[in-house]
Amino acid sequence: MRTATYFFIFLNLSLAMFEEPAVYPLPFLVTSLVEVLCLLVFLGRLAHFATVTLHGVFWKDTKNICIMVAILLSLTDLAIYGALRVHGVRSIRWSRIVRPIFLINFAESRQIRRAFRSIRNTLPDITYVFLLFMFSLLMFSLMALKLFGDRNLQTAEGLPYFRNYLDIVFDLYVLVTAANSPDVMMPAFDFSSWYALFFIAFVIINTYIFMSLFLAVVYNNYKKHLKVTCG
């Protein structure tokens, strides 16, 4: 039963690769039949669990309620999507976001629930560090707007450089990962080499200090909560 449950959970989660928009698209009829099969297996597993559990205990368990709600939402979404598709109306499968519920809430997924619970308990502990990081990112973005916004600089593609605040926030957020380095600083550097100091300061503070601090807080708190959960 455990192997079968894990197999159909994996199959259900894998449907995202074959449903529109898909990496390897399959006909809607094929993916819908596979999803219905998975949901029937989940419902059968839940019914089997109900037969070996006291009635009051079964209905008080939030995991069982979550699974039933997820099955109902998935079937409703599938029916609405299919009906709209028949009439030529394009829509999205919003029920995809509930599929991980099956992975977390079945009785066989005790270890996954422990890890998920540890992550949930860790989130409040890292909120302050995350807010400090976001404050630093927003302040540097504001400084970048003041430094470069009125200089009519352009990127290599001929697009406006650092003139929109939200675009600046996104570009500097990507710079924290070094994915757009050094391209993001080249228009400013070509205008004046002194502007490189701004990006150097940003990388030192946000990439090397805040990211290291954030990683340390996440690791230590997750480890602490994992010991409490497992112990």
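This report walks through the annotated spans, the nonpolar cores and a surface patch of a predicted model.

## Annotated spans

An unreviewed UniProt entry lists residues 1–16 as "signal peptide". In the model, this span is 81% helix and 0% strand, and its end C-alpha atoms lie 24 Å apart.

The feature "transmembrane region", again from an unreviewed UniProt entry, is placed at residues 26–44, 65–84, 126–145, 165–182 and 194–219. Two of these spans are worth a look for their secondary structure. Residues 26–44 are 89% helix and 0% strand, with 26 Å between the end C-alpha atoms. For residues 126–145, the figures are 100% helix and 0% strand, with the end C-alpha atoms 29 Å apart.

## Nonpolar cores

Turning to the packing, the largest nonpolar core holds 22 residues. Phe148, Tyr161, Phe162, Leu172, Phe199 and Phe202 have the most contacts inside this core. Two or more residues come from each of α6 (110–148), α7 (165–176) and α9.

Phe202 makes a handy entry point if you are browsing the structure. Setting aside neighbours within four places in sequence, Phe202 contacts Leu137, Phe140, Leu172, Leu175, Val176 and Thr207.

## A nonpolar surface patch

On the surface, Trp194, Leu197, Ile200, Ile204, Ile205, Tyr208 and Ile209 form a nonpolar patch. Together these residues have about 770 Å² of accessible area. One of them, Leu197, lies in helix α9, which covers residues 196–230.

Terms used:
Residues are numbered from 1 along each chain as its sequence is written. This is a predicted model: local features need pLDDT of at least 70, side-chain atom pairs count only at pLDDT 80 or more; totals for chains, interfaces and linings use all residues. Side-chain values use heavy atoms; hydrogens and water are left out. UniProt positions are given in the numbering used here, feature names are shortened, and annotations may be inferred rather than shown by experiment. Helices (H or I, at least four residues) and strands (E, at least two) are DSSP runs, numbered from the N terminus. Patches are made of residues with over 30% relative accessible area and no salt bridge: like charges are joined within 9 Å, nonpolar side chains (Val, Leu, Ile, Met, Phe, Trp, Tyr) within 5 Å. Accessible areas come from the Shrake-Rupley method with a 1.4 Å probe; for residues, only the protein chains shown count as cover. A salt bridge is a side-chain nitrogen of Lys or Arg within 4 Å of a carboxyl oxygen of Asp or Glu. A nonpolar core is a set of buried Ala, Val, Leu, Ile, Met, Phe, Trp, Tyr and Cys residues joined through side-chain atoms within 4.5 Å. Buried means under 20% relative accessible area, exposed over 50%, partly exposed in between (1.4 Å probe, protein chains only). Contact means heavy atoms within 4.5 Å.
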